[in-house]
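Please look through the model shown here before reading on.

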Number of protein chains: 2
Amino acid sequence: MTLDVKTLCLGVLTQGEASGYDIKKQFEQVFSYFYVASFGSIYPALTQLAREGLVVCREESQPNRPDRKVYALTEAGRERLLATLQATPPRHRIRSEFYALLHFAHLLPARRVGELIDERLSDVNRTIEEIENMLARLGAEDCGLEPGQRFEVELALHTLRAHRDFIQKNGPALAREAQANTSSDLQYSGT
Amino acid sequence: MTLDVKTLCLGVLTQGEASGYDIKKQFEQVFSYFYVASFGSIYPALTQLAREGLVVCREESQPNRPDRKVYALTEAGRERLLATLQATPPRHRIRSEFYALLHFAHLLPARRVGELIDERLSDVNRTIEEIENMLARLGAEDCGLEPGQRFEVELALHTLRAHRDFIQKNGPALAREAQANTSSDLQYSGT
DNA sequence: GACAACATGTAATAGGTTACATGATTTA
DNA sequence: TAAATCATGTAACCTATTACATGTTGTC
């Protein structure tokens with residue numbers, strides 16, 4: 001079984017009512033480094049959850065703003081969430097173009113390899129910063145994290161930093177090596 | 001742009017001819033920790049690549065074995081592969097039920113949290129071992145890795161070990177904390 | 001006698017993404 | 001006046017998974 005957008009929506013709603021728009025923001029701010037979801041999947045998910053009686057919807061009109069549909073978890077929804085969380089195996093998959101490109105780096109011009117390293121490095125740094133900012137924000141607002149959430153975030157930070165440190169230490173050597181290869185054989189006709 | 005099965009198949013074929021069955025094994029042995037693909041995607045991919053003239057197919061009958069279709073990269077296929085590798089941004093996404101479950105650990109019974117930690121730990125250890133075995137196998141056969149591949153594998157190992165070490169060090173405390181929570185409130189009626 | 005490895009393929013289904021459509025208000 | 005934020009939704013598409021169908025040989 002895989003955790004789908006519907007289940008994650010139920011999860012977000014345990015923290016209180018929210019609109020589809022709100023939930024999207026939660027996904028971006030809280031789940032983004034291990035789960036992505038777009039409006040195109042969130043809105044249909046909420047519609048379906050409402051049809052199944054797992055959430056209820058209340059329409060709210062606001063001055064100078066579009067109407068919003070605010071969803072709240074029902075008891076059935078809470079039960080379904082718990083049952084799903086119980087039954088879901090803790091998988092952890094990576095889909096990485098970065099690793100794949102490294103695997104075929106010898107087919108690429110040296111400059112490209114250097115760029116890949118740099119781009120990955122700035123991506124990782126951005127992710128790390130985002131998580132640190134989230135922690136700072138939560139600290140300031142004093143809305144404490146649950147122990148599991150603290151563990152989750154610290155594990156992610158620890159892992160990401162190790163990933164970054166390795167690239168920072170060994171990336172430049174790889175780029176140089178690629179440079180040496182490229183200039184000495186014919187696979188790339190640059191210059 | 002995303003690296004799809006078709007492109008990865010072209011990549012595998014740069015190392016020489018292979019059947020769909022061979023390619024599946026390569027995926028399992030080499031890509032498994034950052035990319036998964038099943039027969040249901042590999043066979044159609046090869047058919048399509050052949051239609052596009054990016055690979056050629058030769059049917060080979062074997063004694064006491066089913067026939068195999070052996071595919072080889074064409075010049076057009078090699079060019080297409082290089083162009084795709086040039087144009088593909090080095091993304092790196094994680095889809096993790098494990099992180100998601102941690103995020104909602106406070107809704108789960110303590111035992112379950114402990115199991116999640118243990119299961120993740122043995123998964124990571126298995127992955128690490130597989131990579132180490134692959135390295136040992138390659139070392140024995142003396143078919144050296146390209147520099148990019150060595151970097152890729154070492155980065156993966158380094159990252160996975162950091163991930164594992166954090167869980168090993170802090171996981172037990174989380175399980176204990178969950179235990180304390182569960183026994184003092186009503187969210188779980190076990191025992 | 002059952003299961004794993006060898007070998008290929010299809011069809012139904014799942015689970016998303018992207019782009020589009022709509023439209024007000026605030027900010028630069 | 002251009003762009004961002006707020007706000008919802010649909011339709012076309014993509015990509016891959018799962019399960020099924022088929023059959024032999026070798027191993028436990």
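A salt bridge is taken here as a side-chain nitrogen of Lys or Arg within 4 Å of a carboxyl oxygen of Asp or Glu. By that rule, two salt bridges are counted between chain B and chain A, and in one of them the side chains of A:E97 and B:R93 meet at 2.6 Å, N to O. This is a predicted model, in which local features need pLDDT of at least 70 and side-chain atom pairs count only at pLDDT 80 or more, while totals for chains, interfaces and linings use all residues. Residues are numbered from 1 along each chain as its sequence is written, chains are lettered from A and ligands numbered from 1 in the order in which they are written, and side-chain values use heavy atoms, with hydrogens and water left out.

The size of an interface is often given as the accessible area lost when the parts come together. Chain B and chain A bury about 6700 Å² between them, 67% of it on carbon and sulfur atoms, where buried area is the accessible area (1.4 Å probe) that two parts lose on being put together, summed over both. In terms of contact (heavy atoms within 4.5 Å), 67 residues of chain B touch 67 residues of chain A.

Across this interface there are also 30 residue pairs in polar contact, both residues being at pLDDT 80 or more; a polar contact is a pair of N or O atoms within 3.5 Å, and within protein one must be able to donate a hydrogen and the other to accept it, with residues adjacent in sequence counting only if both atoms are side-chain atoms. On the side of chain B that touches chain A, the largest share, 19 residues, comes from helix 7 of chain B, helices (H or I, at least four residues) and strands (E, at least two) being DSSP runs numbered from the N terminus. That side divides into 36 nonpolar, 18 polar and 13 charged residues, with Ala, Val, Leu, Ile, Met, Phe, Trp, Tyr, Cys and Pro counted as nonpolar, Asp, Glu, Lys and Arg as charged, and the others, Gly among them, as polar.

The two chains also pair through strands, a pairing that requires at least two DSSP bridges. Strand 3 (residues 92-96) of chain A runs antiparallel to strand 3 of chain B, and five bridges join them; A:S96 has B:H92 as its bridge partner.

DNA strand C is surrounded by 22 residues, the closest being A:S38, B:Y43, B:Q62, B:K69 and B:R95, and sugar and phosphate account for 72% of its atoms that come within 4 Å of the protein.

Definitions and conventions: A residue is near a molecule or strand if one of its heavy atoms lies within 4 Å of it.
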